[in-house]
Amino acid sequence: MKENLKLTFITLLFTSYFPAVKGQYFTDISSSSGVDVSHTATTFGIGQAWIDVNNDGYLDIYVTDLEGPNHLLINQGNETFIEISQFDNVNLPQQSCKGVSIADFDNDGWDDIYVNCLGSNHLFKNNEGLSFSDVTQTAGVDDMNNSQVSAWADINNDGWLDLYVVNYNDGSLAVVDSFFLSNGDSTFTNISSDFDEVNLKKPGLAVTFFDYDNDGDQDLYVVVDRLHGNVLWRNDGSASAECGTYWCFTDVSAATNTGTEVYGMGIATGDIDSDGDLDMYFSSIGNQVLLLNQLSQGSSSFIDVSNNSVLNVAETAGWGTLFFDYDNDSYLDAMIATYGQTIDTSEKLFKGNGDSSFVDVTLNAGITDNIYTEGIAYGDMNNDGLLDILKGNWNSGYKLYKNSIVNSNNWIEIKLIGGLDVNLNAIGSRVEVVLQNGKTLIREVTSGDSRGSSNPLYLHFGLGNSLIDKITIKWMSAYSEVWTDFSINSRNERDYRTSITVFKDGFE
């Protein structure tokens with residue numbers, strides 16, 4: 001009996017620190033899950049997104065195609081996905097579609113889909129999980145300019161999400177990016193005229209919103225191809241006589257050392273060194289760039305540490321990039337999709353050390369298939385607290401990799417619910433998790449990342465073997481709260497409407 005107990009203890013100890021399959025962190029379940037749908041292409045472009053269509057708590061999948069139909073795959077709760085005929089109108093079989101972004105643009109509690117396509121983009125309104133309606137024309141967010149990718153944010157903190165669309169300019173005088181400001185009634189106004197046209201005409205391929213200067217509003221970063229220089233737009237608030245007609249954004253690319261001239265493809269943001277500000281990782285051809293934000297060091301600029309980073313995968317074309325904690329050790333890890341077709345140049349997984357340094361763990365990852373990979377997104381598809389990977393292989397198909405790691409690390413997932421003066425997705429809100437070991441983790445809710453991708457609209461934190469000392473939520477309304485009613489190793493929801501009501505009642 002004692003020997004059996006001893007053997008059981010040794011087995012549990014071993015499996016708590018090593019993957020379920022030795023040497024493999026992820027398992028390809030594309031075929032068994034039903035996610036092995038095709039991607040056919042004669043040009044570049046791809047889109048992959050996680051969305052909970054029916055609000056059942058399980059992430060569904062939407063992927064695009066350039067030469068065939070898009071696919072909306074509904075999660076059955078058992079690691080399988082199926083297509084349902086009632087959603088057929090989002091397939092767009094006659095169009096060539098690229099990026100996709102997810103957001104509840106009308107604040108009705110159901111996440112909607114924006115698809116970047118050649119000829120015409122599409123905004124699909126989610127009708128309470130039962131169907132989708134194409135509201136592109138009535139909303140005023142159509143775009144006919146070689147659209148690539150898009151991202152959502154509430155730039156003026158009015159509780160309504162705005163939309164930036166990146167259009168690839170291959171030399172045309174007419175092709176410019178579009179910026180759609182919400183009117184608060186499910187319609188939008190194009191405010192692109194508030195931006196420098198030279199920058200709007202650059203051949204962009206990736207975009208994200210994030211608060212780089214920690215001032216409580218959303219700034220904009222566009223990753224640009226052909227060595228034209230990336231652009232960081234600082235959000236400077238309401239329009240004035242000196243800046244803007246609708247809103248004021250200032251190009252601070254030069255001042256912040258972020259106007260890097262690359263063949264830019266993908267973008268990821270995250271606080272990789274746990275110093276309280278958000279860093280950037282973007283891809284290119286033969287040069288992948290890691291920029292460390294120096295805000296916490298007293299500077300408003302970034303420093304390029306690419307030459308000293310293993311993330312700078314050479315001799316290949318990089319595309320989608322991710323920062324995420326795949327092993328729940330509390331350190332942000334990184335991944336890059338590439339066009340490499342050898343073990344040395346194919347997609348890479350890097351384990352973060354928490355100090356801006358990483359270790360290449362690709363050989364143990366189980367994610368390499370030596371096919372051109374353009375898009376990647378992470379999401380917890382089976383609600384087990386481990387982040388899985390959705391991967392788009394160009395002119396081949398999509399793959400789903402289940403996270404197979406078994407360890408004893410703690411985790412927490414946090415879904416913020418807005419309302420009132422905060423957009424319902426709480427996009428742009430920030431969560432700070434302070435661990436009992438003294439470490440602080442920060443995440444922001446975003447929509448539109450990587451390369452034509454949308455990661456989940458909830459936040460995932462690996463905690464390692466530590467517990468949580470406190471959680472601070474910084475809502476987009478500028479109201480902050482310390483949240484104590486949470487549970488680790490589970491997904492938690494925090495509703496702004498309940499929080500702010502309690503806060504106000506305490507002072508009445």
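Trainee: What pLDDT does the chain average?

Mentor: pLDDT is the predictor's confidence in each residue, from 0 to 100. Here the chain averages 93, and 94% of the residues score at least 70. This is a predicted model, where local features need pLDDT of at least 70, side-chain atom pairs count only at pLDDT 80 or more, and totals for chains, interfaces and linings use all residues. Residues are numbered from 1 along each chain as its sequence is written, and side-chain values use heavy atoms, leaving out hydrogens and water.

Trainee: Over which residues does pLDDT stay under 50?

Mentor: Look at residues 1–21. For that stretch the model has 16 contacts (heavy atoms within 4.5 Å) beyond four places in sequence. Residues 503–508 are also below 50.

Trainee: OK, rings next. How many aromatic pairs are there?

Mentor: A pair of aromatic rings is described by the distance of the centres and the angle of the planes. Rings of Phe, Tyr and Trp (its six-membered ring) pair if their centres lie within 6.5 Å; planes under 30 degrees apart count as stacked, over 60 as edge-to-face and the rest as tilted. A search of the whole structure finds 28 pairs. Take Tyr 164 and Phe 179: their ring centres are 5.3 Å apart and the planes stand at 90 degrees, so this pair is edge-to-face.

Trainee: Is Tyr 164 buried or exposed?

Mentor: Buried means under 20% relative accessible area, exposed over 50%, partly exposed in between (1.4 Å probe, protein chains only). Tyr 164 is buried at 1%, and Phe 179 is buried at 0%. Both belong to one aromatic cluster, whose members include Phe 195 and Trp 233.
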